[in-house]
Amino acid sequence: VTRIRKSATLVLAGASCLSLVAACGSSSGSSATSTSSAPTTSSAPATSAAAATSAATSAPAPAASASGSAPSVAPSSAAALAPASITVAIDSGLQPDAKKAIDTQITQFEAKYPTIKAKTVEYTWTGTTFAAKLAGGTLPTVFTVPFTDGRGLIARKQVADVSAEIAKLPYGAKFNPSVAVEGEDASGKLEAVPISAYGQALHYNRDLFTKAGLDPNKPPTTWDELRADAKAISDKTGMAGYAVMTQSNTGGWILTTEAYAMGGRMETMNGTKATAAVNNPQTKQVLKLLHDMRWTDKSMGSNFIYDWNGINQAFAAGKIGMYITGGGTYTNLVTQNKIDPKTYGEGVIPLSGTNSGALGGGTVAMVSVKASAAQQAAAVKWIDFYYMAKLTTQAGAALDAKTNADNKQPVGAPQLPVFDKATYDEQQGWIKQWVNVPLAQMKPYTDAAAAQPLIPEPGVATQDLYAALDPVVQAVLTNKNANVDSLLSAANQKAQTAIGKAS
Amino acid sequence: MTILERPAAVQPVRRRRHRSPVTWARRGGISNIVFLLPLLVIFGLFSWFPIVRALVMSLQQTNLVSPAHWVGLDNFSTVFNDPELPTALRNTGYFALLALVFGYPLPLILAVLMSEVRRWRGVFTALAYIPVVVPPVVSVLLWKFFYDASSTGVFNTVAGWVGLGPYPWLQSASSAMPSLVLEATWAAAGGTVIIYLAALTGVAPELYDAAEVDGASIWGKIWHVTMPQLRGVMLITLILQLIGTAQVFVEPYLFTGGGPNNATLTLLLMIYNYAFGSSLSGDFGAATALSVLLAVGLGLFSALYFRLTRSWSTS
């Protein structure tokens with residue numbers, strides 16, 4: 001007995017010693033174990049026919065203008081669909097009205113497909129948290145990732161291959177080829193659905209423009225004007241005239257956008273072989289401009305640790321005069337950050353030099369690798385219903401626009417076409433009567449955006465390249481004597497290592 | 001401290017005696033195993049399996065989806081050749097040092113002061129402990145708000161009242177780390193205060209009476225009675241704090257993401273970045289390799305610490 005007791009003591013002592021190692025190893029260890037955990041249980045929903053019908057009738061019917069097409073909420077010929085429960089991604093931190101709009105859409109969806117149960121999960125893709133969610137198995141059944149990562153996830157088989165389901169969609173073959181490629185595998189099979197495309201734009205606060213004595217209908221169109229306007233805003237209002245993102249890969253994303261706008265490129269391609277080229281004259285030009293705005297003009301405010309969410313929040317709160325992000329971000333500024341629409345203005349990114357253009361990207365919707373066959377089918381139905389029907393069918397567009405407008409959610413923020421221009425224009429016509437975004441305030445953007453060349457993001461190890469550039473931007477903004485050359489050459493080396501690993 | 005240990009001299013000399021499995025079972029061996037089983041299973045599953053798995057993974061290249069393959073010590077050489085490793089080591093050391101200088105004496109001082117207070121002691125204890133109850137994410141978000149670098153930020157407004165600031169707090173490479181230490185100290189001090197308070201109740205009042213008879217001042221009583229009596233506990237809290245600060249993650253991750261320009265990149269943040277920082281190609285091999293290195297480093301440090309402080313410890 002003594003010996004057993006002694007060994008028990010030893011076991012306990014050993015355990016406590018080893019728990020030290022566990023503290024360090026558990027992050028990777030636990031993710032390893034949790035990937036094998038059971039997938040979201042699929043249970044048969046007990047929706048009776050009556051319940052489904054009542055839900056269908058209580059859901060807002062499409063307006064009269066949508067006549068001629070079947071209302072989307074009628075239970076479809078989905079009887080053949082296997083019962084499934086799925087979780088679907090929604091933006092995190094939605095305002096109550098935005099949440100209500102989504103809930104209505106869930107009700108409409110479940111009425112249309114009575115055998116499917118959908119549950120929303122808050123999710124926002126960020127470069128530094130996605131991999132943890134993927135490895136931890138906590139991604140919803142349907143989630144979205146930027147164009148930069150779609151092909152990589154497909155190639156690594158980290159998402160479900162739903163190409164058979166996608167092929168059944170009537171518009172499966174109609175995608176703009178340059179957009180479709182972001183959801184295709186190496187053989188050209190569409191495994192994920194491109195749901196939106198964006199071009200980078202300059203967003204500005206009209207209120208701060210007015211207070212600084214600037215014309216709120218004339219956002220800057222050259223970098224010199226942008227610098228002068230930023231200084232005026234900062235001097236007159238005390239707010240940041242111009243701000244940039246710096247964290248979770250967004251620093252690199254915006255720096256790349258600015259370098260593109262001056263004609264630079266971050267990677268050079270030789271056939272399929274990519275080489276990091278962040279150490280280019282245009283990037284240095286951008287960094288010098290940022291340095292001078294920060295330290296000479298003092299027009300960039302006092303906060304230099306911004307990610308996408310953080311900068312949107314600060315902009316919506318009226319703390320930032322101008323910043324750069326995707327052209328359709330107005331929607332998020334309302335649904336997540338409750339911006340006062342009157343203060344919002346949107347213009348194009350100033351372009352200078354040869355080969356300059358606006359950085360363009362987009363979002364693909366994907367299905368979790370853990371989804372069962374029934375869940376995969378249900379997931380594609382949700383992608384079709386929630387993201388695509390509003391772009392492809394009159395009834396879908398009308399229903400989505402009406403639901404959002406009824407819940408005081410933005411309708412009609414500018415996007416780039418994921419199909420062709422004609423389809424996009426047609427869709428804009430379908431939703432015309434519900435458009436409630438301040439289109440006049442977006443005119444400087446919508447008038448000039450089409451004329452700007454759209455340049456895709458760096459092709460290989462994009463997010464790693466962006467991550468390597470984050471510290472460079474942070475250093476320039478927080479250290480007056482930052483050595484740009486050595487920072488850029490270190491970043492270039494890091495990006496090149498990542499490119500080497502990815503290719 | 002280790003009351004299980006007895007001086008070797010009084011241990012009875014025992015001879016190894018052969019026992020048959022039957023005797024062992026009859027003497028309650030099976031029931032011992034049965035009682036041990038839940039512990040073994042839980043530790044095995046949640047502690048030892050991840051540890052072994054981490055050790056194995058540090059020798060593999062894996063993304064947890066495609067089959068892993070052995071790469072020998074490649075992951076370790078990746079870690080050693082990473083230009084960010086010296087930065088992370090330096091930053092972690094700097095955090096530990098600052099936390100030691102500012103964070104270590106504070107709970108002790110608070111506890112001694114509180115033990116001297118007759119009234120409201122419960123209130124003070126609760127106040128000191130509240131930060132520990134607040135979830136770390138909440139307190140970090142709260143402090144992020146306090147640390148707003150504009151002149152209208154909470155701390156800068158307060159500093160402005162006495163004509164100081166505005167300070168950049170998290171927005172400058174030189175002040176970011178001290179800012180993290182300040183919050184971490186606030187968040188963790190309460191737990192240590194409770195430990196010291198408990199230890200203080202164990203100090204025999206006669207010792208104070210004797211000191212008083214000898215004409216000791218309050219300071220004298222603290223220095224000559226309280227401190228020596230708390231020595232054992234202080235040695236433990238010191239090593240716990242050093243191990244804890246070497247593994248700091250929440251603060252740099254949530255406050256600054258390691259910025260500005262890697263000024264708050266710590267070892268654990270680096271481990272996280274290896275594994276999850278890249279949205280596509282998580283390098284779990286390098287992450288576990290650095291974890292193993294850190295664990296071994298801390299293990300060696302703890303062993304050395306206990307050896308060096310053996311003569312000072314109270315047990």
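Helices (H or I, at least four residues) and strands (E, at least two) are DSSP runs, numbered from the N terminus. This is a predicted model, in which local features need pLDDT of at least 70, side-chain atom pairs count only at pLDDT 80 or more, and totals for chains, interfaces and linings use all residues. Residues are numbered from 1 along each chain as its sequence is written, chains are lettered from A and ligands numbered from 1 in the order in which they are written, and side-chain values use heavy atoms, with hydrogens and water left out.

**View 1. Asn249(A), a non-glycine residue with positive phi.** Asn249(A) sits in the loop between β5 (240-243) and α10 (250-261) of chain A. Its phi is about 75 degrees. Most residues other than glycine have a negative phi, and most peptide bonds are trans. Asn249(A) counts as buried because its relative accessibility is 4%. Buried means under 20% relative accessible area, exposed over 50%, and partly exposed in between (1.4 Å probe, protein chains only).

**View 2. Chain A as a whole.** Chain A holds 19 helices and 11 strands. Of its 503 residues, 57% count as buried. Contact means heavy atoms within 4.5 Å. Among contacts in chain A between residues at least 6 apart in sequence, 80% join residues at least 24 apart.

**View 3. The largest nonpolar core, with 73 residues.** A nonpolar core is a set of buried Ala, Val, Leu, Ile, Met, Phe, Trp, Tyr and Cys residues joined through side-chain atoms within 4.5 Å. Trp223(A), Tyr242(A), Leu290(A), Met322(A) and Leu469(A) have the most contacts inside this core. Helix α18 (residues 462-478) of chain A gives the largest share, 9 residues. A second, separate core has 59 residues, including Ala118(A), Ile154(A), Tyr171(A) and Ile383(A). In soluble globular proteins, nonpolar side chains tend to be buried together.

**View 4. The surroundings of Trp223(A).** Neighbours within four places in sequence are left aside here. Trp223(A) is then in contact with Tyr242(A), Glu258(A), Ala261(A), Met262(A), Leu289(A), Ile324(A), Ile349(A), Pro350(A) and Ser352(A).

**View 5. Thr221(A) in the loop between α8 (206-211) and α9 (223-237) of chain A.** Thr221(A) counts as partly exposed, at 48% relative accessibility. Leaving aside neighbours within four places in sequence, Thr221(A) is in contact with Pro350(A) and Leu351(A). Thr221(A) and Ile349(A) lie 128 residues apart in sequence, yet their C-alpha atoms are 7.1 Å apart.

**View 6. Packing of α9(A) with α11(A).** Two packed helices are described by the angle between their axes and the distance between the axes. Axes are lines fitted to C-alpha atoms, for helices over the stretch in contact, and angles run from 0 to 180 degrees between N-to-C directions. The axes of α9(A) and α11(A) are 11 Å apart, at an angle of about 20 degrees. The two helices α9(A) and α11(A) are therefore roughly parallel. Angles under 35 degrees count as roughly parallel, over 145 as roughly antiparallel, 65 to 115 as roughly perpendicular and the rest as oblique. The crossing of α9(A) and α11(A) is right-handed. A crossing is right-handed if the near helix is turned clockwise from the far one by less than a right angle, and left-handed if anticlockwise. Trp223(A), Leu226(A), Arg227(A) and Ala230(A) of α9(A) meet Leu289(A), Asp292(A) and Met293(A) of α11(A).

**View 7. Helix α11 (residues 281-295) against helix α19 (residues 484-502), both of chain A.** The axes come within 11 Å and cross at roughly 130 degrees. That makes α11(A) oblique to α19(A). The crossing is right-handed. From α11(A), Thr283(A), Lys284(A) and Leu287(A) meet Val484(A), Asp485(A) and Leu488(A) of α19(A).

**View 8. Helix α10 (residues 205-213) against helix α11 (residues 218-246), both of chain B.** The axes come within 10 Å and cross at roughly 155 degrees. Helices α10(B) and α11(B) are therefore roughly antiparallel. Leu207(B), Tyr208(B), Ala211(B) and Glu212(B) of α10(B) contact Lys221(B), Val225(B), Thr226(B) and Gln229(B) of α11(B).

**View 9. The loop between α12 (250-256) and α13 (267-277) of chain B, with Pro260(B).** A cis peptide bond joins Gly259(B) and Pro260(B), with omega about -10 degrees. Asn262(B) lies in the loop between α12 and α13 of chain B. Its phi is positive, near 65 degrees. Asn262(B) counts as buried, at 18% relative accessibility.
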